[in-house]
Amino acid sequence: MEISPSDCPFPGCLFCVMKEENPSKRRSNIMKFFKDLPMQNEDGQVLPISGLWNTAMAHPNDPEFINLGMFECMAALIWKGLKNRRWLSRDQNIYIPYYAAHIIGSYTMNLEEFAIAAVNAAVIPPLVELLRGRLTWVEQRVAVRALGHLATYASTFPAVARHDEVLELSIQLSLSSLEIVYSHFYKSVDRRPRYHCDLLTRGMGGAEMESRKAEEWASQLQCWSLQLINCYAFKPEFLVDICKPELVGKLPWMWGGLVNENSPAGIGLLRTICHHKIGQGYVVSCPGVLEALCDIARSSDDWQYMAIECLLWLLKNPSTCHKVVDIAAPALIDLADITKLGDHVRLGDFIVEVLEECMQTCHSISSHVKEQMEELLISKQRFKWEKSMSKEDLQIKQAAALVVKLEGNSLFSTGKIAEAAAKYSEALALCPVRSKRERVVLNSNRSQCYLLLQQPRAAISDATRALCLHRPFNGHAKSCGGGHRRTTCLAWLKRACWMQFCS
């Protein structure tokens, strides 16, 4: 039997109001509900708020509640939870500030007009208080999410930036979020707040599920903090506050994890910093960051192109080129055969152009790196020459390379690894630059030799070159043979990286 509105134990609740069919009356009742809710002290208030939370998650672009006092209501409920701890501890009111901040964040993540309405409703001050940690890390997580959405839009960013502490609090959270969640929740299995557990698992699963979800939320807390910082990083006037060694030095190792696969996390913020010349100066002066960018550029990470762009910007800047060229150039040389990376076409050609320009303008390149750059330019010239060669001449060169490769294979099988590597180098010199499939095999074979010879840097270089020649690059090959070769290259690259890390 259905319960009629008159039988509802909470007269005027949101569920009853939403059943009203008359549009004018429905609108009036919704406005009254949002106005009255923060002033009520009866039990059961969490029910309509959780219902609104579900609506916000499912329909964040629905405008029905936006101009009816919804944002004012959420702000008032957060203030009530912060100022009235007695009310907060009653019934299930402890959930309400979390839901209220989450609702604000959901309704402001897509549409700028909703964000403007939220700012006009004065939601920022209570969100900043949650960001301070006035309640717990769970509320900090949704507060930084909501503030990150508000800071995304040009029209609402100034309102966020007027609160000077937001940037500093976000930086602190990005650095300490994992430790906060670990110390305040993860390690204390027997003393975890009940409402934290309920929010994490929705009542499903035990301690193991709670711990797994807490790890995901900790990663989100860090990623959303970085996203908020990133909004500030687009403004040069904030770079001095952002580019502190304790933050910049850790950015390459801040990643979103599997649960935040769409978040560029630390490398995304680093890219924004490198977009400004003043930011480039901070990056090159921070120990270890340049080497980390080279490692990410060589990886098959989804955000690999961001690291490549950072390295190219640093080389194009005359004031930083001489500081980075000996480290950045070898990594980019290995990547010069990339034809397309995601939406970035002709990336390899652009890398070659930047390196060629660098050779002409930078006079502090070491002889070893300069030699590598010259070899790259020669190989590109060879590619042009080969276009005018006859098919028969190309086949002769391919056959000669194949003979030498087979000699290398024979040496490798008898344990003469150094001699095999030398044969693969000889074969690469003979093999036409246009014969990409054959060069993939030769580079990957030589990479394996270098691994066995305990030369991880050389192994990383060859494995990267093999992957760049493979099609599709940074993707899963469709053919069985190609897929196997790419998987092998990736495995060797990982092993080489591990050896380099341990050395």
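Colleague: Which residues of α21 are buried in this predicted model?
Modeller: The buried residues of α21 are Leu 347, Gly 348, Ile 351, Val 352, Val 354, Leu 355, Cys 358 and Met 359.

Colleague: Why do you say that the buried residues of α21 line one face of the helix?
Modeller: Viewed down the axis of α21, they fall within an arc of 165°, so they line one face. The face turned away from this buried side carries the exposed residues Gln 360 and Thr 361.

Colleague: What do the buried residues of α21 pack against?
Modeller: They pack against the helices α19 (304-316), α20 (318-334) and α22 (367-387), and against the strands β1 (340-341) and β2 (344-345).

Colleague: How do you know that the span of α21 agrees with its number of residues?
Modeller: At 1.5 Å a residue, the 15 residues 347-361 should span 21 Å, and the end C-alpha atoms are 21 Å apart, which agrees.

Colleague: Why is Tyr 424 called buried?
Modeller: Buried means under 20% relative accessible area. Tyr 424 has 2%, so it is buried. Tyr 424 lies in helix α24 (residues 417-430). Leaving aside neighbours within four places in sequence, its contacts include Lys 405, Phe 412, Leu 442 and Cys 449.

Colleague: What makes α8 and α9 oblique to each other?
Modeller: Helix α8 (residues 124-131) and helix α9 (residues 137-152) pack at about 135°, with axes 8 Å apart. Roughly perpendicular covers 65 to 115 degrees and roughly antiparallel begins over 145, and α8 and α9 are therefore oblique. Their crossing is left-handed.

Colleague: Which residues of α8 meet α9?
Modeller: Ile 124, Leu 127, Val 128, Leu 130 and Leu 131 do; among their partners in α9 are Ala 143, Leu 147 and Leu 150.

Technical notes: Residues numbered from 1 in each chain as written. Predicted model: local features only at pLDDT ≥ 70, side-chain atom pairs only at ≥ 80, totals over all residues. Heavy atoms only, no water. Helix = DSSP H or I, 4+ residues; strand = E, 2+ residues; numbered from the N terminus. Expected span 1.5 Å × (residues − 1). Buried < 20%, exposed > 50% of the residue type's maximum accessible area, 1.4 Å probe, protein only. Arc of directions from axis to C-beta. Contact = heavy atoms within 4.5 Å. Axes fitted to C-alpha atoms, helices over the stretch in contact; angles between N-to-C directions. Parallel < 35°, antiparallel > 145°, perpendicular 65-115°, else oblique. Left-handed = near helix turned anticlockwise from the far one by under 90°.
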